[in-house]
Amino acid sequence: MLEVFKESVVGMINASGFVNVNWQQLVMIGIACVLAYLAIGRGFEPLLLLPIAFGMLLTNIPGGNLFHMDFFVGNEIDYGQVLHDGGLLDILYLGVKLGIYPPLIFLGIGTMTDFGPLIANPKSFLLGAAAQIGIFIAFIGALLLGFSPEEASSIGIIGGADGPTAILVTKTLAPHLLGSIAVAAYSYMALVPVIQPPIMKALTSKKERSVKMDQLRPISRTEKIIFPIVVTLVVCFLVPDATPLIGMLMLGNLMKESGVVDRLVKTAQNELMNIITIFLGVTVGATASYDFFLTGKTLGILFMGLAAFCLGTAAGVLFGKLMYIMTGGKVNPLIGSAGVSAVPMAARVSQKVGSETDPTNFLLMHAMGPNVAGVIGSAVAAGVLLSIYG
């Protein structure tokens, strides 16, 4: 009896993670703890960064068998294998791989977005589009660094500063990079107040930052109801691959502006959004296993992702300067930086930098136009990349 007990104890010890852990897994667990600290201690995008961090921790526990990235790397998924041999996170990850979670996140975003500033100032569309230039410049740069076109597309989309869009593109084109892309995308989104102001100040003069823009015109309820329908038809006919994101974004907005489905709006804003955020964050974090994350490509992704974000910000500001010149000084170039899509943080940064120059200047509502245009623009850019390489 004693011998059987000893064998059981020895077997349990030999099967434990303490015996089987390798240094790469310890490094990844350390990175996960750092990300958790940034989410909890510093408040960096905690709603997604915290689940991502814990998913990263879980997937690197030896013998946990919650997630198997090798099930999803190929073009064809053996769903029978996933359901029979997969762990909890394998099954939840199907929502990412099948493209379910990101569009549902966009549905919730749509119910919380006011397109009024964009409707009142349609020129904001141009600023939102200009800020997406960073995506394509970074795409070219990644190609020059040796990344494949599919990988370069996933890296470039980080410049849109839109996490769900980056996840949708990456899960389709380069699933083996999903952990690295997600960490980079959400880290840089959280660092918007740190990254953007130096670029904005370097590219504008005090006179330009001091421009006070005219008050936006009132928007009727009819305009707000027609807008999501028109945008859906125009954008989705033009770029059909953008339909999942644009369609759900505009459905959510139409539900909000219609005023007749308050129960659905509240569900999309709260319960649905929260549930999907948990599933999305944990499963995306689970893709950051040591054998896929600790590679030379990860450093390249972090570098090029930052470059994409900075270039997008710079492109938006420079196009804002062009509009400043063409309108005779009526447009404050700072609002162009909000075109990178990180809603509403980027718009708040425009307001903050403007108010530092002139405390009486109020740019927030003007910056919200390019900001929500950037959401549409990043989805369109994703659709273009998916239509070419998907």
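Start with the largest pocket, which holds about 810 Å³ of space. Select Ile109, Met112, Met273, Val343 and Pro344: of its 28 lining residues, these are the closest to the centre. A pocket here is an open set of points on a 1 Å grid over the protein atoms alone, where a 1.4 Å probe fits, with protein on both sides within 12 Å along at least five of seven lines; lining residues have an atom within 4 Å of a point. Points are joined across faces, edges and corners, and the volume is the space filled by probe spheres set on them.

Before moving on, note that this is a predicted model: local features need pLDDT of at least 70, side-chain atom pairs count only at pLDDT 80 or more, and totals for chains, interfaces and linings use all residues. Numbering runs from 1 along each chain as its sequence is written, and side-chain values use heavy atoms, with hydrogens and water left out.

Now colour the helices around that pocket. H18 (262-286) gives the most to the lining, four residues. Others that supply at least two each include H7 (101-111), H12 (163-173) and H21 (345-357). Helices are DSSP runs (H or I, at least four residues), numbered from the N terminus. Colour by class and you get 18 nonpolar, six polar and four charged residues in the lining. Ala, Val, Leu, Ile, Met, Phe, Trp, Tyr, Cys and Pro count as nonpolar, Asp, Glu, Lys and Arg as charged, and the others, Gly among them, as polar.

Next stop: the second largest pocket, at about 300 Å³. Pick Thr59, Asn65, Phe67, His68 and Ser289, the closest to its centre of 18 lining residues. The largest share of this lining, three residues, comes from H19. Its classes split into eight nonpolar, eight polar and two charged.

Stay on Asn65, which sits in the loop between H4 and H5 (79-85). What is its phi near? Check the backbone: about 55 degrees, a positive value in a residue other than glycine. Most residues other than glycine have a negative phi. Glu45, in the loop between H3 (23-40) and H4 (46-59), also has a positive phi, near 40 degrees.

Finish on H13 and H20 (residues 296-326), whose axes come within 10 Å and cross at roughly 35 degrees. Axes are lines fitted to C-alpha atoms over the stretch in contact, with angles from 0 to 180 degrees between N-to-C directions. Show Ser180, Ile181, Ala184 and Tyr188 of H13; among the H20 residues they meet are Ile301, Leu302 and Phe309, contact being heavy atoms within 4.5 Å.
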